[in-house]
Amino acid sequence: MTKIIFDIPIGETLKTFRKRAGYTQMDVVRKANLYGSNMSESTYSKIEQGSRNIFASDFVILKLVLGFSYEDIFGSFEAAVSGEKLK
């Protein structure tokens with residue numbers, strides 16, 4: 001069986017939700033820090049650019065800060081995968 005590993009780029013989606021909320025990257029980081037994240041502005045910038053992975057805990061915190069749903073991030077991926085017939 002062949003393994004397929006999907007990479008789900010979330011940076012552009014995060015950027016869209018950040019701009020929609022009227023936040024700068026620093027605003028997002030400050031709000032995330034209030035929830036207990038240790039994320040720096042540099043780290044967040046790299047996540048948006050797609051050059052850095054994100055911790056699951058920071059992802060959950062960003063969901064709270066930016067107001068997106070898991071469906072916003074994973075919906076199209078789930079639809080694509082559920083349509084696949086894996087053997």
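## Before we start

The model is predicted, with local features needing pLDDT of at least 70 and side-chain atom pairs counting only at pLDDT 80 or more, while totals for chains, interfaces and linings use all residues. Residues are numbered from 1 along each chain as its sequence is written, and side-chain values use heavy atoms, leaving out hydrogens and water.

Helices here are DSSP runs (H or I, at least four residues), numbered from the N terminus.

## Helix α2 meets α4

Let's begin with α2 (residues 25-34) and α4 (residues 56-66), whose axes come within 9 Å and cross at roughly 115°. That angle makes α2 roughly perpendicular to α4, a label used for 65 to 115 degrees. Axes are lines fitted to C-alpha atoms over the stretch in contact, and angles run from 0 to 180 degrees between N-to-C directions. The crossing is right-handed (the near helix is turned clockwise from the far one by less than a right angle).

Which residues touch? Val28, Lys31 and Ala32 in α2 meet Ile61, Leu62, Val65 and Leu66 in α4, where contact means heavy atoms within 4.5 Å. By class, this contact has six nonpolar, no polar and one charged residues. Ala, Val, Leu, Ile, Met, Phe, Trp, Tyr, Cys and Pro count as nonpolar, Asp, Glu, Lys and Arg as charged, and the others, Gly among them, as polar.

## Helix α3 and its partners

Now turn to α3. The axes of α2 and α3 come within 9 Å and cross at roughly 115°, and this crossing is right-handed. On the α2 side the contact is made by Gln25, Met26, Val28 and Val29, and on the α3 side by Glu41, Tyr44, Ser45 and Glu48. These residues comprise four nonpolar, two polar and two charged.

The axes of α1 and α3 come within 6 Å, crossing at roughly 115°. Here Gly11, Glu12, Leu14, Lys15 and Arg18 of α1 pair up with Tyr44, Ile47 and Glu48 of α3. This contact divides into three nonpolar, one polar and four charged residues.

## The largest pocket

The largest share, three residues, comes from α3. By class, the lining has eight nonpolar, four polar and four charged residues.

Terms used: Helices (H or I, at least four residues) and strands (E, at least two) are DSSP runs, numbered from the N terminus. Angles under 35 degrees count as roughly parallel, over 145 as roughly antiparallel, 65 to 115 as roughly perpendicular and the rest as oblique.
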